[in-house]
Amino acid sequence: MTITCFIRYEIDPFQREAFRAYAENWGRIIPRCGGHLLGYFLPHEGSNVEAWGLIAFDSLAAYEAYRARLRADPEGQANFALAQQQRFILREERRFTEVVAGTFERAAGPVDTAEVPA
């Protein structure tokens, strides 16, 4: 993947489960419309108002084609409407990033327990 759309959401902390349902819906919609969904992430510790979505594309042109398919997708339209009706997203920001070669999807290696403090 060449670029990743990094979406930062400010969510209503009292509607966390509504955002979860919204994100789960994208899990079906985004791949169907041509995005490589890396995942949606809810706050766990620390700030309870920040969530993220990461979607990868081969290029900005691929992203634009995806956005057109997304706008035409009935389930995508319904998910956007859900967010507007329930107002669990307070703010949304998009950034486009590129992967640094050799750093993406690297699995953890064996842990040397001799170096881990007790």
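Helices α1 and α3 (residues 74-86) pack at an angle of about 160°, their axes lying 9 Å apart; here helices are DSSP runs of H or I with at least four residues, strands are runs of E with at least two, and both are numbered from the N terminus. Axes are lines fitted to C-alpha atoms, for helices over the stretch in contact, with angles taken from 0 to 180 degrees between N-to-C directions. The pair is therefore roughly antiparallel, a label for angles over 145 degrees. The model is predicted, so local features need pLDDT of at least 70 and side-chain atom pairs count only at pLDDT 80 or more, while totals for chains, interfaces and linings use all residues. Residues are numbered from 1 along each chain as its sequence is written, and side-chain values use heavy atoms, with hydrogens and water left out.

Where do the two helices meet? On the α1 side, the residues are Ala-18, Tyr-22, Asn-25, Trp-26, Arg-28, Ile-29 and Arg-32, and they meet Glu-75, Gly-76, Asn-79, Phe-80, Leu-82, Ala-83 and Gln-86 in α3; contact means heavy atoms within 4.5 Å. Helix α1 also lies across β1, β2, β3 and β4, and runs at about 175° to β2.

Turning to the sheet, 4 strands form an open arrangement in the order β2-β3-β1-β4, with antiparallel pairing; two strands pair if DSSP finds at least two bridges between them. β2 (36-41) and β4 (89-98) are at the edges with a single partner strand each, so one side of each has no neighbour in the sheet. From one strand to the next, the twist averages 15°. β2 and β3 are joined by 5 bridges, β1 and β3 by 8, and β1 and β4 by 9. Gly-53 in β3 is the bridge partner of Tyr-40 and also of Ile-7, whereas Tyr-9 has Glu-92 in β4 as its bridge partner.

Some of these residues return in the largest nonpolar core, which has 23 residues; those with the most contacts inside it are Tyr-9, Phe-19, Tyr-22, Tyr-40 and Tyr-66. Such a core is a set of Ala, Val, Leu, Ile, Met, Phe, Trp, Tyr and Cys residues that are buried and joined through side-chain atoms within 4.5 Å, where buried means under 20% relative accessible area (1.4 Å probe, protein chains only). At least two core residues come from each of β1 (3-11), α1 (16-33), β3 (50-57) and α2 (60-72), and α1 gives the most, with 8. Beyond its neighbours within four places in sequence, Tyr-40 touches Ile-7, Tyr-9, Phe-19, Ala-23, Trp-26, Ile-30, Trp-52 and Gly-53.

Note on methods: Buried < 20%, exposed > 50% of the residue type's maximum accessible area, 1.4 Å probe, protein only. Parallel < 35°, antiparallel > 145°, perpendicular 65-115°, else oblique.
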